[in-house]
Amino acid sequence: MKVYIRSAASISAQKTFKQAGFLNEVIEYTGTRLPVIEPDFKEYIDPKLIRRMSHVIKRGVAAASECLKEAEVDMPGAIITGTAFGCMEDTITFLTRIVEGNEEMLPPTAFIQSTHNTVAAQIALMLKCHAYNNTFVHKGVSFEHALLDAIMLLNEQEADNILVGGTEEMVDTSFKVLTRLGLYKRWPVSNLALMQTVSAGTIGGEGAAFFLLSDKADPANLAELSALKILFKPENIEQSIIALLKAHDLQPVDIDLLITGKNGDTRNDAIYQQVISAIFPEHPIANYKHLCGEYPVANSFGLWLAANILKNGSVPEVVLQRAAPNLKPKKILLYNHYQNKYHSLMLLDAV
Amino acid sequence: MSSAVYIVGLGVISSIGNNVEEHMAAFEREEAGMGEISKLDTIHKGELPVAEVKLTNDELIALTGLPENSSRTSLLSSVAAKQALDDAAIPALEQLRVGFVSANTVGGMDQSEDFFVDFLADNNKGKLRHVHEHECGSITEIVASQLGIHDIVTTISTACSSSANAIFHGARLIKNDLADVVIAGGADSLTKFTLNGFNTLMILDKEFCKPFDENRAGLNLGEGAGYLVLVSERVKHSLKKEAYCILSGYNNSNDAFHQTASSPDGTGSFMAMKGALAKAGLQPADISYINLHGTGTPNNDSAEGTAIKRVFDPYYPPMSSTKSYTGHTLGASGGIEAVFSVMAIKNQIIYPNLRFSTPISDLPFAPVTSFLKDQPVKHVLSNSFGFGGNCTSLIFSVA
């Protein structure tokens with residue numbers, strides 16, 4: 001069985017949504033938190049509903065709609081989302097009201113929309129889609145587990161045209177708490193200089209990216225997702241990478257481009273450097289978190305990037321760490337880890 | 001892909017017991033777990049009954065060996081998951097691919113609530129150790145690490161159907177040959193967040209709940225955890241013990257009607273039950289017992305009842321809502337009720353639906369009202385429906 005990415009839609013800090021170009025106009029931000037460029041939600045959602053929806057719901061619904069539109073699919077065969085924090089805005093709103101109002105006179109809306117499955121549910125509701133609907137909430141591999149579920153559904157021939165997405169929203173409260181936990185840098189940096197200013201901490205981000213997966217070959221497919229491996233506390237990540245390549249009859253030399261989840265944090269990036277030195281010492285390398293920031297499902301942006309590189313047959317200058325002449329990748333390894341606890345590997349092929 | 005998935009281990013903790021045996025005894029005594037709030041610090045104490053696990057956090061910490069300040073959800077999860085794994089007693093587990101698929105709805109919210117009081121007063125205050133378990137995935141990670149599981153570890157959150165989906169996912173990991181053994185289920189502890197949330201929706205009964213009764217007035221919240229150990233056919237043959245049963249059918253469908261309310265004709269529940277029957281290759285008349293979602297809210301029981309009528313008419317198997325004992329344990333309910341479903345097959349019993357007196361006027365059936373022994377229980381249908389229209393049905397069958 002093969003798994004193809006038919007379409008991909010990403011709402012991020014960059015002009016990635018409904019754009020003719022492919023990262024040809026990069027936005028620079030200075031700070032430790034990247035915002036999201038909000039699309040015109042009226043195109044996708046009833047204006048009466050927009051007002052009540054939190055950012056993560058609006059972005060999720062819009063990205064899912066655009067993904068389906070680009071795939072020319074009206075009704076997906078399943079809807080699966082991944083998010084670590086879920087609907088943070090509504091969760092914080094309801095918690096704040098509980099504390100400030102001492103549990104009295106609480107309006108229900110924020111609670112109703114606070115459950116982690118709200119994005120997948122709202123997409124189903126909008127489409128009147130009664131199909132399989134699931135939400136994975138496992139920290140830095142929430143999106144990858146949603147993908148794995150989709151791959152299993154395709155393998156079981158239970159569904160086709162599966163809509164899979166990763167969504168995360170950053171609100172002031174979560175940014176403050178995560179800053180206190182030491183995730184972010186202590187001074188403002190330019191996101192475009194992030195990879196050159198390696199020090200403790202990264203920059204925060206948020207976003208929504210959706211993909212339509214199918215097992216059917218089609219000239220319109222963006223890429224083939226040939227392998228996905230999720231690892232929890234791997235003993236030796238280099239060995240895991242070699243094993244994955246071997247399982248697909250590949251050598252490191254067969255990989256045309258390595259995309260890593262480097263985020264400018266010294267300890268975080270040391271892991272990637274170790275892998276690069278050991279397995280990919282001369283390979284072309286690309287990074288993306290200076291464009292979208294770090295968040296638990298940031299690798300959904302990475303997958304959007306990889307799929308578009310393969311479709312376009314070119315690598316945008318802004319993501320390249322190490323270039324090569326006439327670089328037209330046919331095979332990409334996307335490697336991300338979250339706080340060195342959760343690692344994920346994806347192999348992607350041009351179609 | 002078509003190989004069977006066997007259930008070989010069970011673990012459960014709820015307001016009516018701290019292990020499987022205590023639950024079975026409580027069922028037979030027809031003793032419900034609801035009572036006045038004693039552990040949660042809330043203004044609703046004395047006004048809203050809940051079904052609390054009887055052990056305090058300190059007692060659970062002593063029992064599990066988890067650190068102080070652990071979320072109550074981690075503690076409950078640890079107790080039940082460990083029980084399930086011990087019960088399965090799988091030899092040479094370390095040589096197998098083991099997964100832990102756990103569900104919950106609000107992670108370590110009980111701790112986050114404490115943090116938030118100080119944080120709101122001053123954003124630089126609040127002890128950070130209280131937010132370490134905020135994410136749903138943290139609960140799973142803590143318990144997986146304690147059990148030494150690292151092959152596949154994941155968390156599902158689909159509101160009140162969460163742990164039914166975790167069991168469903170666990171079975172598919174085995175069928176897809178990605179795991180040999182999966183501990184699957186879920187946990188949720190009572191929090192101010194959920195208690196107040198359900199209270200704002202005005203669906204909490206101020207009395208003990210009366211699922212599927214014409215005069216039902218809402219649900220009682222509960223807490224707990226329930227896990228099954230699922231194994232492949234190959235692993236099952238390596239065990240010295242008999243498997244309890246198999247997971248023969250499952251389906252996940254979406255009601256796509258409203259964020260919180262169920263559709264009047266129970267579309268999602270109808271599709272979930274139909275789909276699970278088809279997956280198991282069974283007819284409605286083959287079902288020996290239905291463990292209802294049966295929260296006790298007017299809306300849920302009416303939609304679920306209508307869907308049952310559409311699927312089963314004119315044959316109605318015995319059915320009951322064990323939430324009349326445990327309250328609605330939210331993300332844990334699918335796991336806890338899966339344990340009850342499996343035990344119904346093992347012990348050939350049917351649980352009563354407590355406090356039932358008047359059948360719902362437009363439904364031609366009523367739940368079982370007394371504890372029944374020596375029943376021919378071969379196939380059990382367990383329903384779990386949640387916010388966001390997430391409807392999941394599981395079918396357990398004799399091995």
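Author: Two residues are in contact if their C-beta atoms, placed from the backbone, lie within 7 Å. In chain A, residues 24 or more positions apart account for 79% of the contacts with a separation of 6 or more. This is a predicted model, in which local features need pLDDT of at least 70 and side-chain atom pairs count only at pLDDT 80 or more, while totals for chains, interfaces and linings use all residues. Residues are numbered from 1 along each chain as its sequence is written, and chains are lettered from A and ligands numbered from 1 in the order in which they are written.

Reader: How many helices and strands does chain A have?

Author: Helices (H or I, at least four residues) and strands (E, at least two) are DSSP runs, numbered from the N terminus. Chain A has 11 helices and 13 strands.

Reader: What is the radius of gyration of chain A?

Author: The radius of gyration is taken over C-alpha atoms, and the globule rule is 2.2 Å times the number of residues to the power 0.38. For the 351 residues of chain A the rule gives 20 Å; the radius of gyration is 19 Å, close to that value, so chain A is as compact as a globular protein of that length. Its C-alpha trace spans about 65 × 50 × 40 Å along the principal axes.

Reader: How many residues does each chain bring to the contact between chain A and chain B?

Author: Chain B brings 48 residues and chain A brings 46 residues. On the side of chain B that touches chain A, the largest share, five residues, comes from α7(B). That side divides into 16 nonpolar, 27 polar and five charged residues; Ala, Val, Leu, Ile, Met, Phe, Trp, Tyr, Cys and Pro count as nonpolar, Asp, Glu, Lys and Arg as charged, and the others, Gly among them, as polar.

Reader: Is G388(B) buried or exposed?

Author: A residue is buried if 20 or more other C-beta atoms lie within 10 Å of its own, exposed if 12 or fewer, and partly exposed in between, with C-beta atoms placed from the backbone. G388(B) is buried, because 31 other C-beta atoms lie within 10 Å. G388(B) lies in the loop between β11 (379–385) and β12 (390–397) of chain B. Not counting residues up to four places away in sequence, G388(B) touches residues including T115(A), N117(A), T158(B) and Q259(B).
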